[in-house]
Amino acid sequence: MVRRRIAVVGLAALLLTGGGGVVGLHHGSDNVDAAPAAAAPVDRLAAGIARAQQRLRVVPGDYVTWAALGSAYVERARISADPSYYPKAEGALRRSLTVRSDGNAAALVGLGALANARHEFAAARDLARRALRIDPYSATAYGVLADAQTQLGDPGAATSAVQRMLDLRPGLAAYARASYDLEQHGRLAEAESLMRRALEAAVDPADIAFCRYQLGELAWQTGRLDAASAEYSAGRATDRSYLPLLAGQARVADALGRTGEALAGYAELTVRYPTPGYLIEYAELLRAVGQRAGADEQLALAAAALGLFAANGGTDDLGAAQLALAQDRPAYAVRAARREWSRRHFADVADVLGWALHQAGSDAQGLLYARRASALGARNAGYLFHLGMIELALGKTGDARRDLSAALALNRHFSPRYAPVAEAALSQLGAR
Amino acid sequence: MRRLWLGLAGLGIVGVVLALPAAPASAHPLGNFSVNQALALDLHPTRVRVAAVVDLAELPTLQERAAVAAESGVGYNARACDALAHDVAVRVNGHRLGWTVRPTGFEYRPGNAGLQTTRITCALEANTDLAVPSTVDVANGYRADRIGWRELTATGHGVHPVDPPIPARSVSDGLRTYPTDLLGSPLDQRSARFRVEPGDGIAAIGPATQANRGDPVSGWVAGADRVLERLVGGRLTPLVGLLAVVLALALGAGHAALPGHGKTVMAAYLAGRQGRPRDALVVGATVTLTHTGGVLVLGLLLTTAAGLAGEVVLGWLGIASGILVAAVGVAMLAAALRRRTPGHHHHNHDNHHGPSHDHHHGPSHDHHHSHDHSHDHHPHSAGRGRRLGLIGMGVAGGLVPSPSALVVLLGAIGLGQTAFGVLLVIAYGVGMAGTLTAAGLLLIRLRDRFSARPRRTLTRLARLAPASSAALVLCVGLGLASRAAIGLG
């Protein structure tokens, strides 16, 4: 009797322990999926954040949820353009790593996404690689790696990371990245069709607005103003809070000669979202319509925004170079762009460095970088304009005629300040 | 039980906040281009006042520099307050108040990167009638499209808001220090609606701030809980593991010593049924198994199904536990009453037929009974029913999981140390069983002492015992169930 009872108790204990094992097993498999998709939906995102906060109040040792919460904060910052979520994200992700430092791929992926958001691309690349050593099947880690490699100027590595991500989890995040990768290689038609697939996969308003904006940009790059306008409007109709759409609409309005509307759009955008890039764009437009004082005011704001970015621990010498160019300070632009180039060999950096060198009078050097910007085959009117102007300065009139024509053929309205310059140069060359 | 659960959850958060590295000081929770606002409503019987603070981060400050320069600080302050008053709508019983606006301050403060921030304050005031019960609506639409912290508070003077959805005091000290809790989203309180009644009364403080029970045992258990949670949260070495198991044993024992674990019921049951030491052991073993299983199942549920509130589940389990105890009480009562009524057919067989009764009844039935009769003190308590009753008592005692065991298990799962968590929960159950078994054995010992000395009154009492103890068990069961039900509601 006693022996039987012991046996029963033993069996029960075994079953219970087995049950616990199943719990552990289930939890372990969570590990793989816990990192939220790069383009997580905003509505569900808010709900997910609230749930994770609630849960962590009860279970403060749950490192998986800490990692998910940190990644969700990064997402929130991206969608709402609200950088105050970055310190929160870092706190949550570091907390996850404190609780569990070994084998915590989700937290590393989250930190990698955060590093990308802060323009710390080399750190992001290393974090993604560390995460992949732990979990070679993490699609989100490949996403972080792809973003970092693109920005660092390693297109081969970027493409293969995107391909892995597509293989592992074909969906909105993978399609959007693949589309950007194709765009870098000048394959704009394929980029557009992939972005359409991303749009089909998008459910939440913020994601749909994101895809519409990208489709609008692709149309804009090839000068299809009506198509671009339609995409931006569709995006605004879905989610008015997605601010980049305002910039797209302002650009199209200006191209169509509706300058007042364009200025109002930029004013609204920069009041709500004063980032250096948009402030410089706004200043260029103000300058093009002759409002020098207004332009200087916006450039001062851009300088302050860059100063704040630096004060918060960020480094953006590309932005600093673009600002210096807009302020007609080419020598400083060259120094800043060189600093950025020493960190990463991205096409945009090559383009800005080449143009800065040209402005500073070093046309021969500038030509090398300007060619480098288009080396992958990117079809970008801005790159082509810079290249053509440098070639013109070097007396390579044939090349200049070809590249300036190509720039204007792509998008006759590529810049309110420089499109007229390109037109004038071409007519001087006698080739229109 | 509920209170202990809430208390533990609270302790968990405190632990998190303390364990975090200090966040870098940031003037603005929402970054350098936020526009942050706090509106503090003062409700009086005849008027409403609003003290408004607007805190512009560095970039908005810079963006408005030209406006400030154009109309001077005072003029800018006045215009900003007019714009704010235009967009802050307070309605009493649906009638929008018309504000008298008084700009009260404009100043620059040092911000990040050598830049400045702006602090604008305004006082809005309007006459109204809050001397009778009214509904107040607040809606803040000022610069609604800007990213920013938005806060609403309300206090009454001579009137009081009834269960207002907004607090009485600012959590940011009027936009001076923004909370940096990792588990809190920035405040974005744009509107509120509540009843206001005449008479003084400060807005009720939330139930979460209620303290733990003050008795020393609760305090000791809560302290040990914290130590155990910290052990689970730290790095696991063999020594720490051993220590944690010992602590879990002690905690389980201490937990069972707290009121509400059916010890009264068990005592009544053992007394009423003339239980033996073995019975106390059965109760203890059942408590361990039920408690361990219950915590594991609940842990699994809470881990997989997010959004399931632990408290609610505990409440339902409390009801189930009470009903189970009550059911055992009913069964005991029925048995006791049956025993009182004579003429039961077993008696007749035993007395009149003797050995020959085998032929009149089914062999198995009779064999079973004759077997029982020869070994048992009282002929009417069938062995199976007795054991079921004991197990019922044990299940009832272990059915409501100890919240601290649950927290430790969930914590261990979160740390990826599920097996360790299960081990600790088992240790918990064993500790509980130890206390309950010891209590049971003590009771049996005491009872035997008394019955060893034959006294007439006691003997008479003992004859009454089965019925009265059954009634007691029933009452306690109903009490437990209704207490849990009240807790749920």
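Author: A residue is called buried when 20 or more other C-beta atoms (placed from the backbone) lie within 10 Å of its own, exposed when 12 or fewer do, and partly exposed in between. The model is predicted, so local features are given only at pLDDT of at least 70 and side-chain atom pairs only at 80 or more, while totals for chains, interfaces and linings use all residues. Residues are numbered from 1 along each chain as its sequence is written, with chains lettered from A and ligands numbered from 1 in the order written.

I begin with the backbone of chain B. Most residues other than glycine have a negative phi. Asn93(B) has a positive phi near 50° and is not a glycine. Asn93(B) belongs to the loop that joins strand E3 (88–92) to strand E4 (95–96) of chain B; helices (H or I, at least four residues) and strands (E, at least two) are DSSP runs numbered from the N terminus. Because 14 C-beta neighbours lie inside 10 Å, Asn93(B) counts as partly exposed.

Ser72(B) also has a positive phi, about 70°, although it is not a glycine. Ser72(B) is placed in helix H3 (residues 65–87) of chain B. With 11 C-beta neighbours inside 10 Å, Ser72(B) is classed as exposed.

Elsewhere in chain B, Phe194(B) is part of strand E10 (residues 191–198). Phe194(B) has 18 other C-beta atoms within 10 Å and is therefore partly exposed. Leaving aside residues up to four places away in sequence, Phe194(B) touches Val136(B), Pro161(B), Val162(B), Asp163(B), Pro164(B) and Pro165(B), where contact requires C-beta atoms, placed from the backbone, within 7 Å. Phe194(B) and Ser134(B), 60 residues apart in sequence, are separated by 8.5 Å from C-alpha to C-alpha.

Chain A is described by 23 helices and zero strands. Of its 432 residues, 56% count as buried. Among contacts in chain A between residues at least 6 apart in sequence, 53% join residues at least 24 apart.

Two helix pairs of chain A illustrate the packing. The axes of helix H3 (residues 63–80) and helix H4 (residues 85–99) of chain A come within 8 Å and cross at roughly 160°; axes are lines fitted to C-alpha atoms, for helices over the stretch in contact, with angles from 0 to 180 degrees between N-to-C directions.

Helix H15 (residues 276–288) and helix H16 (residues 292–311) of chain A pack at an angle of about 170°, with axes 8 Å apart. H15(A) and H16(A) are therefore roughly antiparallel to each other. H15(A) contributes, among others, Pro276(A), Leu279(A), Ile280(A), Tyr282(A) and Arg287(A) to the contact, while the contributors from H16(A) include Arg292(A), Gln298(A), Leu299(A), Leu301(A) and Leu306(A).

Finally, confidence in chain A should be noted. The pLDDT, the predictor's confidence in each residue from 0 to 100, averages 87 over chain A, where 89% of the residues score at least 70. Over residues 8–42 of chain A the pLDDT is below 50, and this stretch has 71 contacts in the model beyond near neighbours in sequence.

Note on methods
Two residues are in contact if their C-beta atoms, placed from the backbone, lie within 7 Å. Angles under 35 degrees count as roughly parallel, over 145 as roughly antiparallel, 65 to 115 as roughly perpendicular and the rest as oblique.
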